[in-house]
Amino acid sequence: MTDLRDQQLEGNSEVKNKDDFHKILKVVGLVYALVIVGILGWYFLSDDIEYTGTKMSPEITANETKVTENNGQDKAVDAPKKQAQNAKEAQQAAVNRLMEFESVLKSMADDINAGSITPGMATGSFRTNKVQQITIDNETLNKLDTASRTGIQDMNNLQKERMNAMFDGLRGNTSRYEDGGKMYDLFYSKLNQYKSTYGLQ
């Protein structure tokens, strides 16, 4: 009886193994079929989209051409305006930078008058660093046209010379303070002329 029961159990497990194999085969077949259907669907769908996308009525094509031409004309008209606006913004930025340097110069004069900066500090790296602090950067200058750049550089050179005049006066050459005052007046005269020429604030 045990042999019969063992044979039945073996038979059942073989059937079960065959059923499992058939289930796996069905799942693999289903996945394979879905992949094929997906690929074919994509192929035919994308073919339809390309085909309908290229075939347009002559009226729509003509209207799109007109819109494209108008946009090109608008951009051509706006380009000089945009360029002029960019130039004016660059000029204003450079003037703003010079005004920041004026604050540094005023602070320097206040420190000299208060005794915070001594004659011993009027040479060497302290002096070099202070002059460098009020030197306009190339990034700002490179955004300007030649005439604008020359005007900004001239005014910045006056500022640097005023800084040097303060250091010279601190070291005992007091006539340089008077020179610095003259450069101050000349700087603001040039600044007002520059602002007037380019319509800046």
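Figure 1. The model shown is predicted: local features require pLDDT of at least 70 and side-chain atom pairs count only at pLDDT 80 or more, whereas totals for chains, interfaces and linings use all residues. Residues are numbered from 1 along each chain as its sequence is written, and side-chain values use heavy atoms, with hydrogens and water left out. Helices (H or I, at least four residues) and strands (E, at least two) are DSSP runs numbered from the N terminus. With a relative accessible area of 0%, Gln159 is buried; the classes are buried under 20%, exposed over 50% and partly exposed in between (1.4 Å probe, protein chains only). Contact denotes heavy atoms within 4.5 Å. Neighbours within four places in sequence aside, Gln159 is in contact with Leu98, Phe101, Glu102, Leu105, Ile134 and Phe187.

**Figure 2. Helix α5 and its two ends.** Helix α5 comprises residues 146-170, 25 residues in total, and reaches 36 Å from its first C-alpha to its last, close to the expected 36 Å. The expected span is 1.5 Å times one less than the number of residues. At the start of α5, a side-chain oxygen of Asp145 comes to within 3.1 Å of the backbone nitrogen of Ala147. Just after α5, Gly172 adopts a positive phi of about 120°.

**Figure 3. The aromatic pair of Phe126 and Phe167.** Rings of Phe, Tyr and Trp (its six-membered ring) pair if their centres lie within 6.5 Å; planes under 30 degrees apart count as stacked, over 60 as edge-to-face and the rest as tilted. By this rule there are four aromatic pairs. In the pair of Phe126 and Phe167, the ring centres are 6.1 Å apart and the planes stand at 90°, so the arrangement is edge-to-face. Phe126 belongs to helix α3 (residues 124-133) and Phe167 to helix α5, so the pair ties together parts that are 41 residues apart in sequence. Phe126 counts as partly exposed because its relative accessibility is 27%, whereas Phe167, at 0%, counts as buried.

Figure 4. Tyr184 and Tyr188 form a tilted aromatic pair, 4.9 Å centre to centre with 55° between the planes. Both residues lie in helix α6 (residues 175-198), four residues apart, or about one turn of the helix. Residues three or four places apart in an α-helix point the same way because there are 3.6 residues a turn. Tyr184 is partly exposed at a relative accessible area of 39%, as is Tyr188 at 24%. Ring pairs join Tyr184, Phe187 and Tyr188 into a cluster. Arg162 lies over the face of Phe187, 5.8 Å from the ring centre; a charge sits over a ring if NZ of Lys or CZ of Arg is within 6 Å of the ring centre and within 35 degrees of the ring normal.

Figure 5. Setting aside neighbours within four places in sequence, Met163 is in contact with Val104, Leu105, Met108, Lys130, Val131 and Ile134.

**Figure 6. Helix α6 and the residue Tyr198 within it.** The end C-alpha atoms of α6 are 35 Å apart, in agreement with the 34 Å that its 24 residues should span at 1.5 Å a residue. The buried residues of α6 are Arg176, Gly180, Met183, Phe187, Leu191 and Tyr194. Tyr198 is partly exposed, with a relative accessible area of 24%. The C-alpha atoms of Tyr198 and Lys88 are separated by 7.3 Å, although these residues are 110 residues apart along the chain. Neighbours within four places in sequence aside, Tyr198 is in contact with Lys88, Gln91, Ala147 and Ser148. Gly199 follows α6 and has a positive phi, near 65°.

**Figure 7. The protein chain as context for the close-up views.** The secondary structure comes to six helices and zero strands. Of the 201 residues in the protein chain, 22% are buried. Among contacts with a separation of 6 or more, 75% are between residues 24 or more positions apart.

Definitions and conventions. Polar contact = N/O pair within 3.5 Å; in protein donor to acceptor, adjacent residues only side chain to side chain.
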